[in-house]
Amino acid sequence: MIGTSIRRTIAFILSVLSILVNLEWVALPFSFYGLGGRSRILYGQYTLLQTFSFHPIGWLWWILLGLQAFAVLAVAAGVLTGLRRALRLGVFLLPAIGLLLLDAYVAFRWGTLLLWPMYVIGVIPGLLLAGSGACYLRSQ
């Protein structure tokens with residue numbers, strides 16, 4: 001049986017990892033994801049973050065990153081203990097679902113299987129944050 005403090009530590013680690021993977025997802029150049037030929041020459045050095053800066057969806061990504069940071073700080077400070085179970089879970093699931101939907105939007109919008117590694121890496125932060133929420137909820 002895993003103790004309360006260990007679960008909170010695991011939740012904190014998963015939350016921090018979700019932010020790090022999310023930042024890595026938007027910072028990797030498109031050439032890393034397998035873009036080749038003429039497209040690699042034209043777009044290979046661009047990153048997803050640079051693409052987001054030219055599109056309104058970038059604001060959504062920044063908001064989701066802020067919500068991720070709030071989840072990390074909430075776990076670290078232990079301020080969610082007085083809230084109802086649904087609100088505690090919502091702190092983690094809202095940005096997790098948002099990140100998964102954002103990744104699905106990017107995949108649908110670009111519609112190419114050539115960038116499948118980017119779509120897979122984009123799913124990981126949402127899953128890590130959902131796992132963090134489950135660990136934190138079980139620690140209460």
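This is a predicted model: local features need pLDDT of at least 70, side-chain atom pairs count only at pLDDT 80 or more; totals for chains, interfaces and linings use all residues.
Figure 1. The protein chain contains six helices and zero strands, and its elements run α-α-α-α-α-α from the N terminus on. Taken along the principal axes, the box filled by the C-alpha atoms is roughly 55 × 30 × 20 Å. Of the 140 residues, 39% count as buried. The protein chain exposes about 8000 Å², of which carbon and sulfur atoms supply 72%.

**Figure 2. The crossing of helix 1 and helix 4.** Helix 1 comprises residues 4-27 and helix 4 comprises residues 57-77. Their axes come within 9 Å and cross at roughly 160°. Because angles over 145 degrees count as roughly antiparallel, helix 1 and helix 4 are roughly antiparallel to each other. The crossing in which helix 1 passes helix 4 is left-handed.

**Figure 3. Residues in the contact of helix 1 with helix 4.** Helix 1 contributes Arg8, Ala11, Phe12, Ser15, Val16, Ser18, Ile19, Asn22, Leu23, Trp25 and Val26 to the contact. The residues from helix 4 are Trp61, Leu65, Gln68, Ala69, Val72, Val75 and Ala76. By class, this contact of helix 1 with helix 4 has 13 nonpolar, four polar and one charged residues.

Figure 4. Leucine 99 is located in helix 5. With a relative accessible area of 1%, leucine 99 is buried, since buried means under 20%. Apart from neighbours within four places in sequence, leucine 99 is in contact with Asn22, Leu64, Gln68, Gly122, Pro125 and Gly126. Leucine 99 and glycine 122 are 23 residues apart in sequence, and their C-alpha atoms are 7.6 Å apart in space.

Figure 5. Tyrosine 105 is found in helix 5, which spans residues 85-110. The relative accessible area of tyrosine 105 is 30%, and this residue is therefore partly exposed. When residues up to four places away in sequence are not counted, tyrosine 105 touches His55 and Ile57. The C-alpha atoms of tyrosine 105 and serine 31 are separated by 20 Å, and these two residues lie 74 residues apart along the chain.

Note on methods: Residues are numbered from 1 along each chain as its sequence is written. Side-chain values use heavy atoms; hydrogens and water are left out. Axes are lines fitted to C-alpha atoms, for helices over the stretch in contact, and angles run from 0 to 180 degrees between N-to-C directions. Helices (H or I, at least four residues) and strands (E, at least two) are DSSP runs, numbered from the N terminus. Angles under 35 degrees count as roughly parallel, over 145 as roughly antiparallel, 65 to 115 as roughly perpendicular and the rest as oblique. A crossing is left-handed if the near helix is turned anticlockwise from the far one by less than a right angle, and right-handed if clockwise. Contact means heavy atoms within 4.5 Å. Ala, Val, Leu, Ile, Met, Phe, Trp, Tyr, Cys and Pro count as nonpolar, Asp, Glu, Lys and Arg as charged, and the others, Gly among them, as polar. Buried means under 20% relative accessible area, exposed over 50%, partly exposed in between (1.4 Å probe, protein chains only). Accessible areas come from the Shrake-Rupley method with a 1.4 Å probe; for residues, only the protein chains shown count as cover.
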